[in-house]
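Have a look at the structure, then follow the chat.

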Amino acid sequence: MFLGTHTPKLDEKGRLILPAKFREELAEGLVITRAQDRCLAIYPMATFVEMTKSISTAPTSVKQVRDFQRMLAAGASDEKPDKQGRITIPQQLRGYAGLQTNVVVVGAINRVEVWDAGAWEEYSTQQESTFAEMNEEVFPGM
């Protein structure tokens, strides 16, 4: 499970040092892909494979299925952290999420999200005021 907020920096080659507490779960390989809200999602390889099973068996005769499959796969990159726990985020994905140097890495239960620091600040400020209400709407009775 991925938890917490971390503030590493991207180096000049687009490499990110993964937070130490995430490295073991991602050591065997991971997939970086576009996520909603203009951030990136990093999944352990096994989680990504499991998650995409239903996507891969969905009927490609449905345009939305084809569109989603294309966008997910075209924007994905499989990586393996080096000995220092670094991964390279491809330029295409850095551009999508607007990543420069200052980034925020957020544990999001089954995935790690990578945000531009300014975008995360704006997003989290907006969401904090409605967090309690979201719980009641999304998970009634919890």
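## Reading salt bridges

Q: Before we start, what kind of model is this?

A: It's a predicted model, so keep that in mind as we go.

Q: How many salt bridges does a search of the whole structure find?

A: The general idea is to look for a side-chain nitrogen of Lys or Arg within 4 Å of a carboxyl oxygen of Asp or Glu. Here, the search turns up 6 salt bridges.

Q: Which residue does Arg15 pair with, and how far apart are the closest N and O atoms?

A: Arg15 pairs with Asp11, and their closest N and O atoms lie 2.6 Å apart.

Q: Is Arg15 buried or exposed?

A: The cut-off for buried is under 20% relative accessible area. Arg15 comes in at 19%, so it counts as buried. Asp11, at 23%, is partly exposed.

Q: Where do Glu50 and Lys53 sit relative to each other?

A: Both belong to helix 2 (residues 45-57), and because they are 3 residues apart there, about one helical turn separates them. Lys53 is partly exposed, with a relative accessible area of 46%.

Q: What about Glu113 and Arg111?

A: Their side chains meet in a salt bridge at 3.0 Å, N to O. Glu113 is buried, with a relative accessible area of 11%, while Arg111 is partly exposed at 24%.

Note on methods: Residues numbered from 1 in each chain as written. Predicted model: local features only at pLDDT ≥ 70, side-chain atom pairs only at ≥ 80, totals over all residues. Heavy atoms only, no water. Buried < 20%, exposed > 50% of the residue type's maximum accessible area, 1.4 Å probe, protein only. Helix = DSSP H or I, 4+ residues; strand = E, 2+ residues; numbered from the N terminus.
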